[in-house]
Amino acid sequence: MSKPVLTIVVPCYNEEEVLETTIKVLETKITQFINNNIVSEKSNILFVDDGSRDGTWSIIYKESLYNSKVNGLKLARNVGHQHALYAGLITAKNSADCVVSIDADLQDDETIIVEFLQKFNEGFDIVYGVREKRDTDHYFKKTTAEAFYKFMKKLGVNLIYNHADFRLMSRRAVEELEKFEEVNLFLRGIVPLIGFPSTSVYYNRKERLAGETKYPLRKMLSFAFEGITSFSITPIRFVLFLGFLSFFTSILFGTYFISLKFLGETETGWTSLITSIWLIGGLQLIAIGLIGEYIGKIYKESKRRPRYSVDIDTLNLKQSLLGRN
Ligand code: UDP
Ligand code: MG
């Protein structure tokens, strides 16, 4: 069997402080794989500059000029980690058999890429890097991340627990990913939806090499919100549920207060006022919830997600075998 071409995709945003080290580390890795006959000598690293404002692009560009293993893709503006990564994956799949995505700060353990490749050779299309511990994360990040994964699970979204975007994907998995045309990208949720054979490799996350996190609280919150609203219409259902709750409460209260009125124990006007507040409130929430349900449907339709992905088709298999003979 011929050796696979590997491309390591690295999204970078204002990463001048770490980039030179990252290039060295990843290039050594690739050279090592090539020397050990694990991957083809055409394997390379693709740095995606996500509209950085510092010297990131000039480092990538200079390196790519004389280093055949390093390529660069400069995005015209900052589009965020997920879109930058996507751009890298789609570009890489044209020449690579498998693509590994890793952050520029090398927090993810590059030494386990060799295990990713072993799994790929065993026939897995997707290999998730999963954090064993979160020792290097601050208490706040750790607890909020855990709460987020739990909440997503409650909402019925299939996420790989403690997996960030450090993973290997085969070319056909990236091609399948391309069929998800949605603009709101939440790769951690979409990749498991592809459904091709997948497995996990465990590692410990390190400290950031240098520089600050490019995911401040504001970006983290919007990322979490994106994740929730891109994959679930449960929040809309919750409104409908509240509506019914308020409606039935109004009926219960209403009956109770009206009976009190007949016993002559209430202020004038109070019964009708309190009952109608709950009733109208309930009806309004039900109406909003119902409209929400339809908007939810439109929302799902508008994503135009593929209905299915074919893993094996023996007809094709036979044809390609016959074609070879
Ligand atoms: N990143 C990006 N665009 C952005 C923000 C971040 O391409 O708008 C990249 C960043 O350069 C890094 C990766 O996404 O390679 C993850 O960011 P970071 O390490 O700052 O996140 P953290 O590890 O703190 O969650
Ligand atoms: Mg990081």
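How far apart do the end C-alpha atoms of residues 270-295 lie, and how much of the span is helix? The end C-alpha atoms of residues 270-295 lie 37 Å apart, and the span is 100% helix and 0% strand. The points below set this span within the rest of the model.

1. Confidence. This is a predicted model, and the predictor gives the complex an ipTM of 0.97 and a pTM of 0.84. For the protein chain the mean pLDDT is 90, with 99% of its residues at 70 or more. Confidence in the protein chain is highest in strand 4 (residues 98-101), at a mean of 98, and lowest in helix 11 (residues 314-324), where the mean is 82.

2. Overall form. The protein chain contains eleven helices and seven strands. Its radius of gyration is 26 Å, whereas the globule rule gives 20 Å for 325 residues, so the protein chain is more spread out than a compact globule. The C-alpha trace spans about 95 × 55 × 35 Å along its principal axes. Of the 325 residues, 30% count as buried, and among contacts between residues at least 6 apart in sequence, 82% join residues at least 24 apart.

3. The annotated domain. An unreviewed UniProt entry places the feature "domain: Glycosyltransferase 2-like" at residues 7-177. In the model, the chain over residues 7-177 is 44% helix and 20% strand, and the end C-alpha atoms of that stretch are 17 Å apart.

4. The annotated transmembrane regions. The UniProt annotation "transmembrane region", again from an unreviewed entry, covers residues 238-258 and 270-295. Residues 238-258 are 100% helix and 0% strand in the model, with end C-alpha atoms 30 Å apart. Residues 270-295, the span of the opening question, are likewise 100% helix, with a distance of 37 Å between the end C-alpha atoms.

5. The shell around ligand 1. Ligand 1 is surrounded by 16 residues, of which the closest are Pro11, Tyr13, Ala104, Thr213 and Lys214. Two or more residues of this shell come from each of strand 1 (6-12) and helix 3 (81-92). Sorted by class, the shell has six nonpolar, five polar and five charged residues.

6. Two residues with positive phi. Most residues other than glycine have a negative phi, and two exceptions deserve a look when the backbone is inspected. Leu106 lies in the loop between strand 4 and helix 4 (113-121), and its phi is near 55 degrees. Asn162, which is not a glycine either, has a positive phi of about 60 degrees and is found in the loop between helix 5 (139-154) and strand 6 (163-170).

7. Val25 is placed in helix 1 (residues 16-35). Leaving aside residues up to four places away in sequence, Val25 touches Leu106 and Glu110. Val25 and Leu106 are 81 residues apart in sequence, yet their C-alpha atoms are 8.9 Å apart in space.

How values were computed: Residues are numbered from 1 along each chain as its sequence is written. Chains are lettered from A and ligands numbered from 1 in the order in which they are written. This is a predicted model: local features need pLDDT of at least 70, side-chain atom pairs count only at pLDDT 80 or more; totals for chains, interfaces and linings use all residues. UniProt positions are given in the numbering used here, feature names are shortened, and annotations may be inferred rather than shown by experiment. Helices (H or I, at least four residues) and strands (E, at least two) are DSSP runs, numbered from the N terminus. A residue is near a molecule or strand if its C-beta atom, placed from the backbone, lies within 6 Å of it. Ala, Val, Leu, Ile, Met, Phe, Trp, Tyr, Cys and Pro count as nonpolar, Asp, Glu, Lys and Arg as charged, and the others, Gly among them, as polar. pLDDT is the predictor's confidence in each residue, from 0 to 100. The radius of gyration is taken over C-alpha atoms; the globule rule is 2.2 Å times the number of residues to the power 0.38. A residue is buried if 20 or more other C-beta atoms lie within 10 Å of its own, exposed if 12 or fewer, and partly exposed in between; C-beta atoms are placed from the backbone. Two residues are in contact if their C-beta atoms, placed from the backbone, lie within 7 Å.
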